[in-house]
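Please look at the sequence and the structure shown below, and keep both in view while reading this report.

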Amino acid sequence: MGRGTGMRMLMNSGRTYKQGEQLYHKESQEYSEQTSLCFISPIDLFRLDIEEGENVEIETATGKTVFRTVASQDVVTGEIFLPCGPYANFILPPCTHSTGAPDFKTLEVEVRPTEREPVSAWDLLEAEGGLRYDSPPEGCPTRSPEGDKTVADVLCPLCGCVCDDIELKIHDNRIVACENGCLLCSAKFLAKNRLISPIKKTGGRWEKISYEEAVNYTADALVEAERPLLFGWSGTYGEAQCIGVSIAELIGGVIDNCSSECHGPSIMAIQEVGHPGCTLGQVKNRADVIIYWGSNPIASHPRHMSRYSTYTDGFFLDNSFRNRTVIVFDVRKSDTAKIADEFIQIKSGGDYAVFSALRAIIRGKEDVIPKIVAGVKKEDLIRISKIMLCAKFGTFFTGIGLTQSRGKYKNVRNAIELVDELNRHTKYTLTPMRGHWNVYGTNQTFTYMTGYPYAVDFAHGVAYYNPGETSAIDMLSRKEVDACVIIGSDPGAHFPRACNEHLATIPTIVIDPFPIMSTAVATVHIPVAMTGVDAEGAAYRMDAIPLWMKKVMEPTQPNDAELLRRIYDAIKEKKSVTETIGKNACTIDSTSFITREMMHAAPGTGESRYNTVVPGRTLHHTHRNETGAFL
Ligand code: SF4
């Protein structure tokens, strides 16, 4: 094969540690550099006749763009790994196979050498119809009336671990040091690039506007729209989510959250076969076999292993590092796989087959298993199943490697059925590795209020749920949506190109403390106080434990709930709604939001307790979980 000739390869995209570190600095050159990498095996570099560091153009039916190569022994030949972000999603087809989640994994692509250089992330967003926002960082609009101080036991508003032992040092009205957290946590707490005032896209440039104008613009856009969409919510707290649901009901719109593109398929599987879950405290104190399947916590949840699994001793488990067995199943040798006791490398798209093989072996039917299943030798499967069966308490942590590859929710269903099989012999549980700090909370809040965990449509006056039809990526790629509010999420970086191209043609309002990739496709960006810094509220950790996110400073901007309430009131006024609206579970007028007094976190323990009685309503006792079942 000569230089310039392309190769058909399989593409997987996912989190890298360096990409995660730049999540709140997406306007930076470092973010562009880290998300435009292509990890490829040295053999494939040789086949393409290029050296590491040279560039490749990657093309699908949707589009093409340029990536810089990084030689990696961790990726098998014939496959490439791309960090998740605007580059991988620029070439991603929006098809979700009726699940809401597109094929971020196991996507066929054409890879060919090129002399061209990768463009910047803003360039990509402009190619999708957006407008870059590259004004110099404006700083941090926070105040510390008590002066300099150190605050202990702060909760981290980044990933689903919601670590509760962060210590922040405050000097001169801003956070200057962050102890105990991982690098992703520090990068968020120490970020100095918050947006100070609302901005509006006018005549090809950004102009500052007042909060009043921004609220009016948002209310007008939502009232005039026939098919409005409210998307995101996993980066905000329960009270704001409640108001969001009430706005969706008031305008007859669709409200969807980030789980529709990440762990929505896990929820679909749980709705089919149940959820054998437990708290992270149970895992820490009891689990002697830990299985990470399609997840790489070192990149996505950096302290998960040190707080809950590999490196922490439990009440019933001394010397955890020696006495726990950690097994990783993945398509590439991730950083987590490198420190595991056992690593089983599966061919891309082969998870379902491996779950089925393990179920058969545990049932005593190993004679029906072929010599190799999805690239895994039969003897390895038998050996691993023996380790699984010897556990006193085993736990599966399943990642988006299962939900975003072929099979989607059927992969997770098969994983749960493997857990069921193992529970005939010993004790096993399964916990999805939820990404955003409050993405689990979105499912809890939405289900509590509407009966459904995500993708809820109020167009007919009652809540209706059908992933694939009412999920954000499907609606945007079909160009159904005619106004969109984005909050606590960044589809500009994480949605397929077709969705962003449509967002750039309609009134799109972004509500976020930081300039993000979605800012480019927005018409208005409204900055708000940052939860965990100058705003507080309720969040659910990945194991459904509710926690109260503290604020450590005083805000100078409205928080999410205050801003949404103003938008709600403006819509009500424009629609001349006077009576209490709401045919569904509850509305803003009847909801008593979760309050600080209801929750008594025990900082540093990873546990929390909460009271549940709210005037006129007993919140958690009449609470449905993400499957819709009453608790
Ligand atoms: S593991 Fe997650 S929650 Fe914990 S400090 Fe790191 S980013 Fe924050």
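## The ligand shell

Sorted by class, the shell around the ligand holds 10 nonpolar, two polar and one charged residues, where Ala, Val, Leu, Ile, Met, Phe, Trp, Tyr, Cys and Pro count as nonpolar, Asp, Glu, Lys and Arg as charged, and the others, Gly among them, as polar. The ligand is surrounded by 13 residues, of which the closest are Cys156, Cys159, Cys163, Cys182 and Cys185; a residue is near a molecule if its C-beta atom, placed from the backbone, lies within 6 Å of it.

This is a predicted model, in which local features need pLDDT of at least 70 and side-chain atom pairs count only at pLDDT 80 or more, while totals for chains, interfaces and linings use all residues. Residues are numbered from 1 along each chain as its sequence is written.

## A sheet of three strands

Three strands form an open sheet in the order β8-β9-β10, with antiparallel pairing; strands are DSSP runs (E, at least two residues), numbered from the N terminus, and two of them pair if DSSP finds at least two bridges between them. Because β8 (149-154) and β10 (174-179) stand at the edges with a single partner strand each, one side of each is left without a neighbour in the sheet. Between β8 and β9 (residues 166-171) there are four bridges, and Thr150 has Lys169 in β9 as its bridge partner.

## Helix α19

Helix α19 (residues 439-450), a DSSP run (H or I, at least four residues), is mostly covered, with 12 of its 12 residues buried, that is, with 20 or more other C-beta atoms within 10 Å of their own, C-beta atoms being placed from the backbone. Just after α19, Gly451 takes a positive phi of about 95°.
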